[in-house]
Amino acid sequence: MKKINWYPAVILGLLALLVITFAALVTSRAAQGPQQHFSDTDDKELFEWKLVTTWPKNFPGLGQAPERFAKAVEQMSAGRLKIKVYGAGELVPALGVFGAVSEGAAQMGHGAAYYWKGKIPAAQFFTAVPFGLNAQEMNGWLHHGGGLELWEEIYEPFNLIPMAGGSTGVQMAGWFNKPINSVEDLQGLKMRIPGLGGEVLNRAGGTAVTIPGGELYTALQTGVIDATEWVGPYNDLAFGFHQVAEYYYYPGWHEPGSMMEFIINKKAFDKLPKDLQAIVRVAAREANQDMLDEYTARNNRALRELVEEHGVKLRRLPDDVLSHLKQINTQIMQETANKDPEFARIYKAFKDFERDVRPYHQISEEAYYQARELDNENRKD
């Protein structure tokens, strides 16, 4: 009897079975839809932070910067660090940001360093110095001139890490209910103006008060104050100051390059992995530049609306008034430096950088602005 070889048939059967099984698996996976893929980040710790601000929630420019920052952090961290932003008064008062973050009630804050001059007089250097550095120069000093290291040093005792949080550029001198034609018109003037600019006004015969932005309209409307500075056309239009004040003055001698700040509770920051710390720093740096870009793009359009549609009287402060204010500012800076070694040390660093950068800006930025106006001057003739 002839012996039958079954092996080829068995092998072919097994191969057919494998093909059928594989096809069934493919069909099943397709029916289930897209499959979830896991990465090595899925088991990493998640963090949720609170960020309190001195600005009204989502206020143009100032209030939107921390919102954009929080969104960028969440996106770059793939949701590992989520930051909820609170406007002024929602969690803490507008001027309670420094204390809340220092004590750990919130992990982050967004505001301006000159609000904390009662705790740290030298903090004012990191917002604005009257007749001092503009926005471009402030960024240079902080990030490439040693300024940020000084800032970190004076905030360290308060368990805080500061970072540049946006600049408004040169601000406006403010809104006034009477014209300013001479130095005498500053006598008795009650004005909302914080920081070193407020000290200058006091010495010039006025009275400086510090009021949160959300309360300024009512204070000006009811006569609690005679004048107020805030930021510039973009923000001032949003607050409606043109409805309660007649005169809008420039230039912003008191805040030539106002720098906002992010402050972070150091203990909270130290708990973050190194990659999340880097993300926070990068997002803050981006928000810092983005705010300046936004004000550059929005201010002129808002100013045109204020003047052309609302009839605001745009005026330049007289030279003798500006010169008087500058002389007073020099006196105050020197007197404060003589009494406060920390203030004196930072004042020297600030002035050294200013002396270093100004000569080049005189032949670059200033000279270019003058050159750009030549054709306009010829047309006027």
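Helix 12 and helix 13 are roughly parallel to each other, a label given to angles under 35 degrees, while over 145 counts as roughly antiparallel, 65 to 115 as roughly perpendicular and the rest as oblique. Two packed helices are described by the angle between their axes and the distance between the axes. Here the axes of helix 12 and helix 13 (residues 365-372) come within 3 Å and cross at roughly 20°. Axes are lines fitted to C-alpha atoms, for helices over the stretch in contact, and angles run from 0 to 180 degrees between N-to-C directions. His 361, Gln 362 and Ile 363 of helix 12 make the contact with Glu 365, Glu 366 and Ala 367 of helix 13, where contact means heavy atoms within 4.5 Å. Helices (H or I, at least four residues) and strands (E, at least two) are DSSP runs, numbered from the N terminus.

The model is predicted: local features need pLDDT of at least 70, side-chain atom pairs count only at pLDDT 80 or more, and totals for chains, interfaces and linings use all residues. Residues are numbered from 1 along each chain as its sequence is written, and side-chain values use heavy atoms, with hydrogens and water left out. The protein chain averages a pLDDT of 91, and 87% of the residues score at least 70; pLDDT is the predictor's confidence in each residue, from 0 to 100. Over residues 6-10 pLDDT stays under 50, and the model has 0 contacts beyond four places in sequence for them. Residues 34-41 also stay under 50, with 2 contacts beyond four places in sequence. Where pLDDT is low, the predicted coordinates should not be read in detail.

Aromatic pairs come next. The structure holds 26 of them; rings of Phe, Tyr and Trp (its six-membered ring) pair if their centres lie within 6.5 Å, and planes under 30 degrees apart count as stacked, over 60 as edge-to-face and the rest as tilted. One of the pairs joins Phe 125 and Phe 343, whose ring centres are 4.7 Å apart with planes at 50°, so the pair is tilted. Phe 125 lies in the loop between strand 3 (108-111) and helix 4 (135-144), and Phe 343 lies in helix 12 (residues 341-363), so the pair ties together parts that are 218 residues apart in sequence. Phe 125 is buried at 0% relative accessibility, and Phe 343 is buried at 0% as well; buried means under 20% relative accessible area, exposed over 50%, and partly exposed in between (1.4 Å probe, protein chains only). Another pair is formed by Tyr 234 and Tyr 295, with ring centres 5.6 Å apart and planes at 80°, so the pair is edge-to-face. Tyr 234 belongs to helix 8 (residues 233-239) and Tyr 295 to helix 10 (residues 274-308), so this pair ties together parts that are 61 residues apart in sequence. Tyr 234 is buried, with a relative accessible area of 16%, and Tyr 295 is buried at 1%.

Strand 10 (residues 259-265) has 7 of its 7 residues buried, so the strand is largely enclosed by the rest of the structure. In a regular strand the side chains alternate between the two faces of the sheet. Both faces of strand 10 are covered, with Met 259, Glu 261, Ile 263 and Asn 265 buried on one side and Met 260, Phe 262 and Ile 264 buried on the other. Strand 10 pairs with strand 3 in the antiparallel sense over 4 bridges, and two strands pair if DSSP finds at least two bridges between them. Strand 4 (residues 160-167) also runs antiparallel to strand 10, joined by 6 bridges. Glu 261 stands opposite Gly 111 and opposite Ala 164.

A further sheet is open, with 6 strands in the order 7-6-8-5-9-11 and mixed pairing. Strand 7 (207-209) and strand 11 (313-316) stand at its edges, each with a single partner strand, so one side of each is left without a neighbour in the sheet. Helix 6 (residues 195-203) packs on the sheet, touching strand 6 and strand 7, and its direction makes about 155° with that of strand 7.

Some backbone values remain. Most residues other than glycine have a negative phi, and most peptide bonds are trans. The peptide bond from Tyr 250 to Pro 251 is cis, with omega near -5°, and Pro 251 sits in the loop between strand 9 (247-250) and strand 10. Ala 78 has a positive phi of about 55° and is exposed, at 69% relative accessibility.
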